[in-house]
Amino acid sequence: MKGIFITGASGCIGHYITESLIKETDHELFLLVRNPDKLKFDYQARSGIHLLQGDLQEIEKYRDLLSNQINIAILIATAWGGTTEAYDINVRKTFALLKMLNPEICEEVIYFSTASILDRNQQLLPEAEQYGTDYIRTKYQCFTKLSELEIAEKIIAVFPTLVVGGSENKPISHLSSGLPEVLRWIDLIRWLKADGSFHFIHAQDIATIVNYLVANPQINLSQWQQEIGVKKLVLGNNPTTINQAIAEICHYLNKRIYGRIPLSIELANFLIKVFKIQMDSWSRFSLEYRHFIYQNPVNPATFGLKNYCSTITDILKVSGIKGK
């Protein structure tokens, strides 16, 4: 039995991962949570589950625990906005936590970043630091510091692509919460053609991967990433284009596509101006960059495991949307 320290258990991804570890392992879990009332899973389902009420601002309180009892750390917690808070949580306090881990005891760290800070070759994307939101920029800054740590070679940095997930007993991801709006406008969207592509992954599949990494802390990941030091895994299914996604949604809903109008950058900029749409620097960069795709994305099938959600149709089904 191992001691596992988890931050961010109250979020969407955190719920799936923590519930999976509770049900499928007998490891001792230490959950750092700001508000236990937000936990929708049964944290009294078995012994060995400890709630530590607080957040990363108070991480120094747990120095002895981190140094002497933690074999695996899963760091999911993040601050989404506010320049000062984002830097304090995503960089300074996260780095402080990592320094408290004892390399002689800690076997593995699974650190959650975001695929937004990587380019198509899985190298750091300079524009992420230059134009990124507070969240993206601080994730970029934290990753650049990980190699300085004594425990660096035991860190697996995971970079989720677009995350879907959520249910009655789990928080809904930002992407899944916007799905009803897409369906509302699908009769208009189906007439448009756009140049762009992306990956997605369901939070349940992320939990499957994390469970696998916890069970195999010494796994050789060189097949998926070649760098020495901090390991990198981009989490996502095979890429899909925007046009393919629209076509798959329309097929599922039995809505025919007769023709499409190309949505060029020039037309998009014109519509942004006409409708006075507010766009920050990162949104404008994303509009130009268009193809957020990566080499060698990882999902459960990569490790010979079963995927929960692999296609756009799967997303619609698990989201409770009925086909026609």
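Guide: For the count of charges that comes first, Lys and Arg are taken as positive and Asp and Glu as negative, while His and the chain ends are not counted. On that basis the chain of this predicted model carries 33 positive and 33 negative side chains, and the centres of the two sets lie 8 Å apart. The accessible surface comes to about 16,100 Å², and carbon and sulfur atoms hold 51% of that area.

As for the overall form, a compact globule of 324 residues would have a radius of gyration near 20 Å, and the chain, at 20 Å, agrees with this. Along the principal axes, its C-alpha atoms fill a box of roughly 65 × 40 × 40 Å.

The part to look at closely is helix α5, which runs over residues 134–146 and, with its 13 residues, reaches 19 Å from the first C-alpha to the last, close to the 18 Å expected at 1.5 Å a residue. While buried residues make up 51% of the chain, those of α5 are Asp 134, Tyr 135, Ile 136, Thr 138, Lys 139, Tyr 140, Cys 142, Phe 143 and Leu 146. The buried residues of α5 pack against the helices α3 (83–100), α4 (126–131) and α12 (281–289), and also against the strands β5 (108–112), β6 (155–160) and β11 (231–235).

Definitions and conventions. Residues are numbered from 1 along each chain as its sequence is written. This is a predicted model: local features need pLDDT of at least 70, side-chain atom pairs count only at pLDDT 80 or more; totals for chains, interfaces and linings use all residues. Side-chain values use heavy atoms; hydrogens and water are left out. The radius of gyration is taken over C-alpha atoms; the globule rule is 2.2 Å times the number of residues to the power 0.38. Buried means under 20% relative accessible area, exposed over 50%, partly exposed in between (1.4 Å probe, protein chains only). Accessible areas come from the Shrake-Rupley method with a 1.4 Å probe; for residues, only the protein chains shown count as cover. The place of a charge is taken as NZ of Lys, CZ of Arg, CG of Asp or CD of Glu. Helices (H or I, at least four residues) and strands (E, at least two) are DSSP runs, numbered from the N terminus. The expected span of a helix is 1.5 Å times one less than its number of residues. Contact means heavy atoms within 4.5 Å.
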